[in-house]
Amino acid sequence: CCNGFYSHLTAKRVLSVWILHVPLVHVKVFYGHSHFIGNSNSWIQCFVLFWQMCCDCCLLGKVMKEMSLPCDKNLPVSHQCGVVSQTCCLEEASGSKNPVDPKCESINNVSIVVCCSSGKCAHLCLKNNTCACVKGYRLNSDGKNCDDINECLMGLSDCRAGERCINTEGSFRCQREVSCGTGYELTDSNNCKDIDECETGIHNCGPQFNCQNTQGSFRCIPKAKCDNGFIQDALGNCIDINECVTLTNPCHRGQICVNSLGSYSCQRNSVNCGRGYHLSEDGSRCVDIDECKGSEEVCPGHACINQVGSYRCECATGYNFNSISRTCEDVNECRYYPGRLCAHKCENTLGSYKCSCTSGFKLANDGRNCDDVNECETNPCSQECANVYGSYQCYCRRGYQLSDIDGLTCEDIDECALPTGGHICTYRCRNTPGSFTCICPAEGYTLATNGRSCQDIDECAAGSHTCTANESCFNIQGGFRCLSFDCPNNYKRSDTIRCSKSCQPNDIACVLDPIHSVSHTFISLPTFREFVKPEEIVFLRTTVPVYSSYQFGGYDVRFDILEGNVENAFDIIKRVESGRFLGVVRQVKPLVGPVETVLKLSMRNLSSHGDAGQNIINVHVFVSAFWF
């Protein structure tokens, strides 16, 4: 059918070809002054619809080549049709006679890309007897069928921030996560645009108002202006201003203000009338106000009965008069018969009522009772869902929390940002999906076995220090120091950190020098986070008894800080312990590390005859940059 039709075409001079892809395909070809019209019914008898489209598109490519037109696939047809047309056009030009799968049809020995009638391939059949898929699909492992590609899952979509990717068969679409809201409309580019209610005529401003558009809404501005003594309400009506209420002291002392339409007057305060009365014209007595005859309708839609000093409304059937608000109110059947009419909620209507259900229920067939709705069947939660009577509850796995925005989505808990996050880890906290990890400074510390605390590395004990043989390694918090101590002249080393005086014979100056020894020690301190009271850091013990008589040859001890007191952060006090004098060095101010200093301490023994000797203690203080 198709080959015969094409043979008929090639026997004539082709002027132009149109192929219209509609449910009933018509191919209209003109030959000089005559024309041929092929009805789709005859085509359907020969081929299935997909085969027919393949044949049409291939014919289009052959005719394009016969007319010496370029083999272009960017035609005003579908993508697949353009590919088929270009292939047939190029193969016709090269005179290819390559054999094709005998199960696939051919037109004048030109292979067709789409194997329509054989059913071998779900989408496309190539010349090498293999199958391929159109855009948006990938070939199945069976080499025949095509599976949809989930562009959203594979990150192949081009959805913008604030848009949610929704996969569709062979493609995807971007959907805005938050609606535009009242007064805005969604454009084709997925943006929110203000609706001009005034221009579109969807405002509700009356004929006495001009419409003025605003972002997301509009305003009704009255055309007419009210006279003095009146104010305009929301409907454009001019309402009298009660100057007696709005003005401060409108009348002199001894006068009473009487409001009138558009103005007010001051009268002598001779008689005070209560509610429902007003002064007579001569101001001598109180006269009842007939509210029913006033300009303002006090009982709209109902009859008004004037009473002395008051009034009442004669309400129509189905209404009761409220003596407090002095209005006619609808009879609420739901209130008069609570729990008798509806299982859940009873909604009053004018002259009747109707039943409704609370959230999580639906109205039963009897119109009164309510049945529970199992919301979990629609998978509303991102992780775990539990149906409860009349509702449902979303749960999250450990390390996640339910979103405060929608109550459905499980969000990762940033344990590091919690109010207690600063105490979870000793140094720094790094959040991970569903959990967290603690990290320590890059040097000098290692993470403890509890996974949270930072533990100092003792480089001196581990042998990882770089001190020479002439230096002593001292471990400090977060590192180490290599120190060497040299004794001054006339002193010799008695141990590693202590130098004692050793005078040469006949060296009177050395003998008279009151300093007996010079010693060194060190201490490592943290940077205190909360410094609330002095911290005792060094203790200098003496052998001087406290209870010896100073006046009769006894001794006393004096402690001083000679050098190195950075920012006056340290002091030294004397106290008694076990009957002996004790010097205590205290840190009295916080120091933010890293800070290094050498406190030169003096311990002087005093007697009634003067100084009995002095010892110098050099305390090497290392303040760490961290509190741990």
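**Disulfides and a glycine**

I began with the S-S bond of cysteine 342 and cysteine 355: its torsion is about -75°, so this disulfide is left-handed. A disulfide here is a pair of cysteine sulfur atoms within 2.5 Å. The sulfur atoms of cysteine 342 and cysteine 355 are 1.8 Å apart. Cysteine 342 sits in the loop between α7 (333-336) and β26 (345-349) and cysteine 355 in strand β27 (residues 352-356), so the pair ties together parts 13 residues apart in sequence. Helices (H or I, at least four residues) and strands (E, at least two) are DSSP runs, numbered from the N terminus. Both cysteine 342 and cysteine 355 are buried. Buried means under 20% relative accessible area, exposed over 50%, partly exposed in between (1.4 Å probe, protein chains only).

I noted the ground rules. This is a predicted model: local features need pLDDT of at least 70, side-chain atom pairs count only at pLDDT 80 or more, and totals for chains, interfaces and linings use all residues. Residues are numbered from 1 along each chain as its sequence is written, and side-chain values use heavy atoms, with hydrogens and water left out.

How many disulfides does the structure hold? I found 28. Cysteine 416 and cysteine 429 form one, with sulfur atoms 1.9 Å apart. The torsion there is about -65°, so this disulfide is left-handed. Cysteine 416 is partly exposed at 22% relative accessibility.

Last, I looked up glycine 318. It lies in the loop between β23 (310-314) and β24 (319-322). Its C-alpha is 7.9 Å from that of leucine 350, 32 residues apart along the chain.
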